[in-house]
Amino acid sequence: MTYIQLSYGDLILPALLVVMDGALSLVLHLKLERQLAIATVRMVVQLVLVGYVLTFLFAVVSPIWTALAAFIMVIFASREIMVRQKRRLLGFWTYGLGAGCTLLAAGTVTMFSLLTQLHPEPWYHPRYALPLLGMILGNTMTGISLGLDVLTNGLVRERAAVEACLALGGTRYQALLPVLRDALRSGFMPTINGMAAIGLVSLPGMMTGQILAGAEPIDAVKYQLLIMFLIAGGTGLGTLAAVMGGGRLLTDHRHRLRLDRIAAETPG
Amino acid sequence: MLTVSALTRLYISVSFELNDGECIALQGPSGVGKTLLLRAIADLDPNAGAIKLDGALREAVPAPLWRKQVTYVAAEPGWWADTVQEHFTDWNDAIPLVARLGLPHNCGTWQIQRLSTGEKQRLGLARALMLQSRVLLLDEPTSALDATSTTIVESIIAERISSGTGVIWSTHDSSQAQRVGSRLFVMSSGGHIEEHQL
């Protein structure tokens with residue numbers, strides 16, 4: 001496999017396109033130039049850092065360093081899940097539910113693919129484990145955050161309906177079922193939409209990267225299909241665990257709705 | 001018999017007994033805690049105290065079963081499905097009661113969103129009455145009804161009381177409290193309850 005290597009100098013000309021965006025913002029008074037500048041600097045710094053970190057990890061091929069990198073990725077994902085919630089669970093579960101479900105889903109699916117499909121040597125080789133985890137994590141995170149957001153907002157909005165069912169002798173599962181279904185649908189929808197549009201509307205980033213790196217398109221397609229199946233599995237597992245776990249946390253053993261376990265709505 | 005001993009929910013702390021076939025009218029200014037009290041007895045909110053039905057402690061009974069026996073009916077009932085009949089275990093069994101409440105036989109297929117406040121209140125009551133509960137906790141059950149419908153509701157509940165159902169009836173209407181209750185509880189700020197014979 002051969003590919004055209006880029007130097008940092010090769011990136012100067014394309015970077016002018018971002019400068020063009022900034023100029024447009026100035027001319028049209030969009031007031032986006034500051035945000036654009038910060039986002040660009042962040043992107044460059046973060047990606048270059050990740051590049052060096054991955055280079056180090058690929059060189060040492062250590063299970064401890066790989067696990068530490070995976071752990072940090074999960075922490076960032078769970079923070080992102082928390083930030084995206086309009087109404088957050090109180091206490092430990094603010095982070096705990098998102099982190100636990102992300103770890104469960106993305107970890108399980110990544111291990112599954114490493115141990116049953118890719119068989120790298122060693123099995124935890126960061127060249128395979130971390131990119132796979134990253135892609136699954138990103139999509140699982142979106143599913144979980146959407147599912148939890150719809151769950152908490154739905155329970156607040158549908159409180160009268162849920163409590164009417166409980167008051168008539170319904171179990172917490174029966175009372176929450178319509179809201180749980182909405183939350184699960186919302187969590188699954190981005191993945192389903194993504195699968196339906198892939199290849200027609202856009203070529204996925206990983207597949208494009210492999211093709212640019214010299215892989216045969218059909219080999220790149222096989223990898224992309226593997227990733228999409230893993231993403232679908234991870235998102236399904238993570239969203240299901242988060243929504244059902246959230247439903248359980250927002251009720252109690254006496255089948256009562258416990259909206260007091262949700263923090264006040266965050267502005268914005 | 002429903003026995004309420006040292007029931008505590010936020011600032012409310014009460015003890016009383018409700019006999020079979022008895023109706024306690026509950027009155028007090030808005031926001032004083034009448035709804036809190038009824039919901040706590042139904043175990044819809046966290047609360048403390050010993051609540052028993054015929055000597056059986058509430059905590060010894062699964063919560064869904066408790067609420068089928070001690071049923072809270074909200075002033076503004078909630079709805080979880082699209083049509084009326086989906087909220088009833090057996091709609092055909094409910095039709096005579098629904099008709100008696102002044103609603104047509106075919107209202108089962110009506111969309112919830114097209115119901116008036118009064119229709120919702122009558123259907124919410126019908127839905128609860130179909131459970132044949134031992135105790136009914138009625139939270140202003142006629143607040144959205146006209147005089148005719150109110151009379152019908154009062155007579156249906158009176159029949160249930162005659163057949164042994166215990167009722168706590170929260171109302172702002174003093175004359176209704178006199179009509180339906182055999183005892184009157186007046187709740188004042190701080191959750192204090194004063195009992196009067198009617």
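A residue counts as buried here if 20 or more other C-beta atoms lie within 10 Å of its own. Keep that in mind for the close-ups below, which come from a predicted model.

**View 1. Helix H1 of chain A is hardly covered.** Of the 16 residues in H1(A), the number that are buried is zero. The helix runs over residues 12–27, and at 1.5 Å a residue it should span 22 Å; the C-alpha atoms at its ends sit 23 Å apart, so the two figures agree. After H1(A) comes A:His29, with a positive phi near 55°.

**View 2. Helix H4 of chain A has a list of buried residues.** H4(A) covers residues 93–118, 26 residues in total, and at 1.5 Å each these should span 38 Å; the end C-alpha atoms are 35 Å apart, which agrees. Its buried residues include A:Leu97, A:Cys101, A:Leu103 and A:Val109, along with A:Gly98 and A:Ser113. Among the elements covering them are helix H3 (63–83), H5 and helix H9 (217–249) of chain A. Past the end of H4(A) there's A:His119, whose phi is positive, near 45°.

**View 3. Chain A as a whole is built from helices, with zero strands.** The count comes to nine helices, and reading along the sequence gives α-α-α-α-α-α-α-α-α. Its C-alpha atoms fill a box of roughly 70 × 55 × 35 Å along the principal axes. Of the 268 residues in chain A, 32% are buried. Take the contacts in chain A with a separation of 6 or more, and 74% of them join residues 24 or more positions apart.

**View 4. The largest nonpolar core has 97 residues.** The residues with the most contacts inside this core are A:Ile136, A:Val162, B:Leu137 and B:Ile168. Helix H5 of chain A (residues 126–157) puts in the largest share, 14 residues. Zooming in on B:Leu137, its contacts include B:Leu38, B:Ile41, B:Ala42, B:Val70, B:Tyr72 and B:Ile168, leaving aside residues up to four places away in sequence. As background, nonpolar side chains tend to be buried together in soluble globular proteins.

**View 5. Chain B meets chain A through 21 of its residues.** Helix H2 (63–69), strand S6 (70–73) and helix H4 (117–129) of chain B each bring at least two residues to the side touching chain A. H2(B) gives the most, with five residues. By type, the chain B side splits into 13 nonpolar, two polar and six charged residues.

Definitions and conventions:
Residues numbered from 1 in each chain as written. Chains lettered and ligands numbered in written order. Predicted model: local features only at pLDDT ≥ 70, side-chain atom pairs only at ≥ 80, totals over all residues. Helix = DSSP H or I, 4+ residues; strand = E, 2+ residues; numbered from the N terminus. Expected span 1.5 Å × (residues − 1). Buried ≥ 20, exposed ≤ 12 C-beta atoms within 10 Å, placed from the backbone. Contact = placed C-beta atoms within 7 Å. Nonpolar A, V, L, I, M, F, W, Y, C, P; charged D, E, K, R; others polar. Core = buried A, V, L, I, M, F, W, Y, C linked by C-beta atoms within 7 Å.
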